[in-house]
Amino acid sequence: MRYSVIIPVYNRPDEVDELLQSLTQQSFKGFEVIVVEDGSSIPCEEIVGKYQGQLDIHYYTKPNSGPGQTRNYGAERSRGEYLIILDSDCILPQGYFAAIEEELQTAPADAFGGPDRAHDSFTDIQKAINYSMTSFFTTGGIRGGKKKMDKFYPRSFNMGVRREVYAALGGFSPMRFGEDIDFSIRIFEGGYQCRLFPAAWVYHKRRTDLKKFFKQVHNSGIARINLYKKYPKSLKVVHLLPAVFTLGVVILLLGAPFCLYSLTPIALYALLVCIDSAIQNRSLRIGIYSIAASFIQLTGYGTGFWRAWWNRCVLGKDEFEAFKKNFYK
């Protein structure tokens, strides 16, 4: 077996249906699919059953423990030479596996990752969120770009790793936040060869509304401090930008009652985002939504960063004491 596709699922039967449908349309067929239900109250077993005759598919259920440990559960029951880690809200283009095969035939890799895009069927809000997570005008990162692999840390929404490497690293850690970045850091620290496969991209739905998106990026900000405590050298200047942006916005808003001109930088930034997104998406509506999504992307991450910095670096709490609330449910 060449590939094992590992899909952790929590209450997303409709998204799983779309992902499995896209897997049936792959030109390359040498893969199995392992769906692991992570304590869902809305299971996808019936959905998975529809594809039993079309895919080499296996379905498991387990108590809720978060995506990292759920991926490990699936990996332990897989047979592939490479593990393909996907989020359940992804959709694959028809040439996804063919692109991976072409890259691996050209040069070997112990681990790899690919970028993501927005599908035409996504809602305007989802397209705005996608913009905020890939735009140069936010710190959305390099997910949508083609950067050198030594600066690209594969994320769990679209990640591949050779089985032996996964086993040697012990899979994903039990970290509450940022377990996929932790895994990528350990790939590099282990001296393994890791590359970006630009053509192995996926459609990624991310979050379906702005409230859920805020929670996602807020947790990402928390994750960055947790990773800093574990790997001090992992904190870069770019990781500080959302926190600085958030602090700047607060200061400008506090100054508004005394001088309305303090709102000018905020207004100019909003206008810049709106124009850029509207041009990229050919929609003024998406451009307007992108203003909200971009502010949420930056301030959500920034507030999570500051919150974790206070709890962990100032108060000295450990990772789980600082955030006792059950993140997964």
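**Aromatic pairs and a helix crossing**

Let's start with two rings. Tyr3 is buried, and Phe97 is buried too. Keep in mind that this is a predicted model.

How are a pair of aromatic rings described? By the distance of the centres and the angle of the planes. For Tyr3 and Phe97, the centres are 5.4 Å apart and the planes are at 45°. That pair is tilted.

Where do these two residues sit? Tyr3 is in strand E1, residues 3-9, and Phe97 is in helix H4, residues 96-106. They are 94 residues apart, so the pair links distant parts of the chain.

Now a second pair, Phe136 and Phe137. Their ring centres lie 5.5 Å apart. Their planes meet at 80°, so this pair is edge-to-face. Phe136 has 76% relative accessibility and counts as exposed. Phe137, at 27%, counts as partly exposed.

How many aromatic pairs are there? The count comes to 21. Ring pairs also build a cluster. Its members are Tyr3, Phe28, Phe31, Tyr82, Tyr96, Phe97, Phe112 and Phe197.

On to the helices. H10 covers residues 264-281, and H11 covers residues 284-314. They pack at an angle of about 130°, with axes 7 Å apart. That angle makes H10 oblique to H11. The crossing of H10 past H11 is right-handed.

Which residues meet there? From H10, they include Ile266, Tyr269, Val273 and Asn281. From H11, they include Leu284, Ile288, Phe295 and Leu298. By class, the contact of H10 with H11 has twelve nonpolar residues, five polar and no charged ones.

Conventions. Residues numbered from 1 in each chain as written. Predicted model: local features only at pLDDT ≥ 70, side-chain atom pairs only at ≥ 80, totals over all residues. Heavy atoms only, no water. Axes fitted to C-alpha atoms, helices over the stretch in contact; angles between N-to-C directions. Helix = DSSP H or I, 4+ residues; strand = E, 2+ residues; numbered from the N terminus. Parallel < 35°, antiparallel > 145°, perpendicular 65-115°, else oblique. Left-handed = near helix turned anticlockwise from the far one by under 90°. Contact = heavy atoms within 4.5 Å. Nonpolar A, V, L, I, M, F, W, Y, C, P; charged D, E, K, R; others polar. Phe/Tyr/Trp six-rings, centres within 6.5 Å; stacked < 30°, edge-to-face > 60°. Buried < 20%, exposed > 50% of the residue type's maximum accessible area, 1.4 Å probe, protein only.
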